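The sequence and structure are shown first.

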Amino acid sequence: MLWRKFSPAFCYHHRVAVRDSQLAQSKVRFPCVYLAPRRVNNNSCFHPQFSTTSLRSTIEYRWIDGVERLDLYDFCGYHPVMIDSVLHNRYRIVDKLGFGGYSTIWLARDETVKRYVAVKIGISGLSLPRREPDILRTLSGSGPQAPRAASDANRCPVVPRIFDVFDVHGPNGTHTCYTFTPAQGSLKEASFSRLFPIQVARALAAKLATAVSFVHSRGFVHGDLHLRNVLVKLPSTFDELSVQEFREKFGEPDTVPITRVDEKPLTSNVPAQAVVPLYLGKKAQDFILADAHGLILSDFGEAFSPATEQRLGRDCNIPLAKRAPEALFDPNEPLSYPSDIWSLGTAIWEILGMKFIFSESETQDEIVAQQIDVLGSHNFPKNWGEQWERLSEEGNDGNDAIPRQPVGDRETWPSLEDAFEEFVQKYRRKREAAGTFEDEETRAILHLIRGMLKFQPEERLTIEEVLRSEWMVKWALPELK
Ligand SMILES: Nc1ncnc2c1ncn2[C@@H]1O[C@H](COP(=O)(O)OP(=O)(O)OP(=O)(O)O)[C@@H](O)[C@H]1O
């Protein structure tokens, strides 16, 4: 069965729908809200810190479900790409794998070495250096800072392997592109409305923690840890498919003509057709332990090395529901490894139960209120309490961005223990095949999650402590053996 998908970083609405009878295949499409790159002036672009302002474009295009924001095909935005076009004299575009605020990602056939690659084509802009590929090369042992003797054998398989980096020049500027290992898709896509079998959930959690441990041990904070950025490898036989066999198996690309609302012809800034991304993977319930072994932690666009660069809380771009609270309450303080641990805690919860621990489409005030409900007000740091409890009239002193206790009625969220029972166990019980956690294991999971979700970053477990925790040692890591 073939799935088309959406895949932006920030999606507030999910809608399952649309059967395309012409292709006689089920597809899932989700309309989304995108957050656009911000332009500073006519000649340069900011790193996209997501404002909803458009680029210079005033052109409106007819809405197409499940594709990237079309008005971002403009100066400082996406590069217009068509199926079958060839990049860098080598990479023939086969289908689309996804898109985010910073890039579009394509499946391409490397015609030189006859294999499939994922090509990430960044938005254009002077302030977007080759940061992500450089970090990935350093991490995977092939970068400029890597030891000379680094070989395939000692490269780490939990981060994408970069094959090539190049620029393409187009009507919207110069775009950094890189090719890397293609994957089935993200855990988020696999788990939409579904549960991983219990052994697989344990193994995925363990493998993700191992990946984070690897990244931290190399001196980097990932900075954008959530399930959309956790991919699963394709089987090694995938490369054996010719493009024709690929099309027979996965269908033709799902393309929709782009049209302008004012009916004028398209400019060269925008492609003639939009392509709905293709999901190459399976559903969560069909995952087996081997899939967990193929986990890849991707999207290092927000990664940084705390030893050599400062990333302040206010510059943190991870979705709010996964964002460590110090980024909100101490926006002028540098972030470090503990912010990844918080996000890893929320990711592990989601792997186990498919549900978010803190809801995704809420304001930051409501999300912090949920964190306090779930983790206990007695654990909330006293020094943040003053900001949290300030009155609405006190908001004009430049700290409006710091969360404030919501006024008015709101639904209180259950404690961590009750939330686990209500949102994870009950749900798993309904789907018998998924399996539920016994009491002793539940206690160990909750102990670990509590240690990862400490409000104060300095009190949070380190990744080594996470890997040495009772749950990891007794239940999760053994599933990887
Ligand atoms: N190697 C890959 N194989 C298959 N799909 C991929 C691959 N890399 C990325 N994708 C898909 O594309 C989506 C966006 O990728 P990614 O997060 O790297 O882009 P981005 O522009 O950096 O996004 P963000 O706005 O989150 O920073 C992913 O969620 C995933 O669905």
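## Basis of the description

Helices, at least four residues long, and strands, at least two, are DSSP runs numbered from the N terminus. The model is predicted.

## Overall composition

The protein chain contains 13 helices and 15 strands. Of its 481 residues, 46% are buried. When contacts between residues at least 6 apart in sequence are considered, 67% of them join residues at least 24 apart.

## Helix α1

Helix α1 spans residues 131-139, and because seven of these nine residues are buried, the helix is largely enclosed by the rest of the structure. The buried positions are Glu132, Pro133, Ile135, Leu136, Arg137, Thr138 and Leu139.

Strands β8 (162-170) and β9 (173-180), together with helix α3 (198-217), are included in what covers these buried residues. Just after α1, Gly141 adopts a positive phi of about 85 degrees.

## Strand β7 and its partners

Strand β7 (residues 115-122) is mostly covered, with seven of its eight residues buried. Strand β6 (residues 103-110) runs antiparallel to β7, and eight bridges join the two. Together β6 and β7 form a hairpin with four residues between them, and Lys114 in the turn has a positive phi of about 55 degrees.

Strand β7 also runs antiparallel to β9, to which four bridges join it. Lys120 of β7 illustrates both pairings: Ile105 has Lys120 as its bridge partner in β7, and the bridge partner of Lys120 in β9 is Tyr178.

In soluble globular proteins, nonpolar side chains tend to be buried together. Here the largest nonpolar core has 108 residues, and those with the most contacts inside it are Leu204, Ala205 and Leu208. Helix α3 provides the largest share of this core, eleven residues. At least three residues of the core come from each of domain 1 (3-181 + 235-279) and domain 2 (204-215 + 219-229 + 285-480).

Which residues does Leu208 touch, not counting residues up to four places away in sequence? Leu208 touches Val230, Leu295, Leu344 and Ala347.

How values were computed: Residues are numbered from 1 along each chain as its sequence is written. This is a predicted model: local features need pLDDT of at least 70, side-chain atom pairs count only at pLDDT 80 or more; totals for chains, interfaces and linings use all residues. A residue is buried if 20 or more other C-beta atoms lie within 10 Å of its own, exposed if 12 or fewer, and partly exposed in between; C-beta atoms are placed from the backbone. Two residues are in contact if their C-beta atoms, placed from the backbone, lie within 7 Å. A nonpolar core is a set of buried Ala, Val, Leu, Ile, Met, Phe, Trp, Tyr and Cys residues joined through C-beta atoms within 7 Å. Domain bounds come from an automatic or database domain assignment. Two strands pair if DSSP finds at least two bridges between them.
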